[in-house]
Amino acid sequence: MTDETQRIFNLLQNSTQAISDSGVWQYFLKTAAWHFKYSFNDQVLIFAQNSEATACAGMDDWVNKTKRWVKKDARPIALVRENGNQYYLDYVFDISDTSNFSKREIKLWQYDNRYESAVIQTLERSFGKLKVKTSDIDAIICVANNAVNDRKDDYLRDLKYVKGDSLLSGLDNVNLDLRFRQTAAASVAYMIMQRMGLQPDSTFDEYDFQYIRDFNTVETMSILGNAVSTIAEDALRDIAKTIHFEQKKFAEKENSVYNENNKEKNSVQAERTDENDRNSNIHESRRLQDTKSDSTDRGISDRTNRSVAEIARRITARKRLFDILWRCYYRICKGYS
């Protein structure tokens, strides 16, 4: 084991023992909630090296899967890995130590009240009948109790063998069972609520974690921590899948409504366009007819005026000729007389 590997291994041991304080334990659960897919040991090391981390991955995953660069000044988070009897380090980086080199953005899932009913149904299918499910918080607390009660036997069996050097030493099975169940159930519910954004500090206080100090050795805390981490991961994975499904369903519904509204809008616009076209054609037709009618009337009027003038001129000319002929006849007749 290299010096650096030994240093990180010692950090893991010391941090595991240090989080047995109730205030530190709750602070740890807030960080672990964001890394529920990691093991308990990884969660402890992430907490010890960067308690504000929210999304961690290796450099290859950041670059190849999410198209993000790891910054040059980024501080890696070392995780202990075991290969047979050999230990080595694996490094991950928080999203805050990366930058985007593509248009793709990472969106971590978020819980919304719209998903409450679907999430409760999912949890009840996975963890059994819930005594109280009037709200998401009540359902989560019931889930934590159900899961811990179903799985406690294996953890309690291991706990009995390692409790000797801890404050759990000397407890009978009943009291050991009580301390484990209460602490584990409260921790699982706290972790789930923290990831869902349900403000667990408003529901839990130090009394709910009063027995955490009894798990004051690496061995006892590791058993408790693994139980909490495993159960919370199972629940949060189910919740995440349900939220993704519900988001897709809501998106399809909203898209369908948008398409219907857009279709109706286009239909109304088309009808208005057709009506305008018809009105436009009617107006143009009327204008054409009016123009033609005016031209014809003017032509008839002009021809009529010209005809009347011509007749009048001819009548005048004929009248003049008649007068001339009459005077000539009168003179002739007068000469004969």
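A residue counts as buried when its relative accessible area is under 20%. I begin with that cut-off because Ala-227, at 2% relative accessibility, counts as buried. Please bear in mind that the structure before you is a predicted model.

Let me place this residue. Ala-227 lies in helix α8, which spans residues 218-336. Leaving aside residues up to four places away in sequence, Ala-227 touches Tyr-155 and Phe-180. Phe-180 is 47 residues from Ala-227 along the chain, and the C-alpha atoms of the two are separated by 9.8 Å.

Helix α2 covers residues 22-34 and helix α7 covers residues 173-196; their axes are 8 Å apart, at an angle of about 50 degrees. That angle makes α2 oblique to α7. The crossing of these two helices is right-handed. On the α2 side, the contact involves Trp-25, Gln-26, Leu-29, Lys-30, Ala-32, Ala-33 and Trp-34, and these meet Ser-187, Tyr-190, Met-191, Gln-194 and Arg-195 of α7. Sorted by class, this contact of α2 with α7 comprises seven nonpolar, three polar and two charged residues.

The second pair is α1, residues 3-18, and α3, residues 40-49. Here the packing angle is about 95 degrees, and the axes lie 9 Å apart. Helices α1 and α3 are therefore roughly perpendicular to each other. From α1, the contact draws on Ile-8, Leu-11, Leu-12, Ser-15 and Thr-16; from α3, on Phe-40, Asn-41, Val-44, Leu-45, Ala-48 and Gln-49. By class, the contact of α1 with α3 holds seven nonpolar and four polar residues, with no charged residues.

Notes:
Residues are numbered from 1 along each chain as its sequence is written. This is a predicted model: local features need pLDDT of at least 70, side-chain atom pairs count only at pLDDT 80 or more; totals for chains, interfaces and linings use all residues. Side-chain values use heavy atoms; hydrogens and water are left out. Helices (H or I, at least four residues) and strands (E, at least two) are DSSP runs, numbered from the N terminus. Buried means under 20% relative accessible area, exposed over 50%, partly exposed in between (1.4 Å probe, protein chains only). Contact means heavy atoms within 4.5 Å. Axes are lines fitted to C-alpha atoms, for helices over the stretch in contact, and angles run from 0 to 180 degrees between N-to-C directions. Angles under 35 degrees count as roughly parallel, over 145 as roughly antiparallel, 65 to 115 as roughly perpendicular and the rest as oblique. A crossing is left-handed if the near helix is turned anticlockwise from the far one by less than a right angle, and right-handed if clockwise. Ala, Val, Leu, Ile, Met, Phe, Trp, Tyr, Cys and Pro count as nonpolar, Asp, Glu, Lys and Arg as charged, and the others, Gly among them, as polar.
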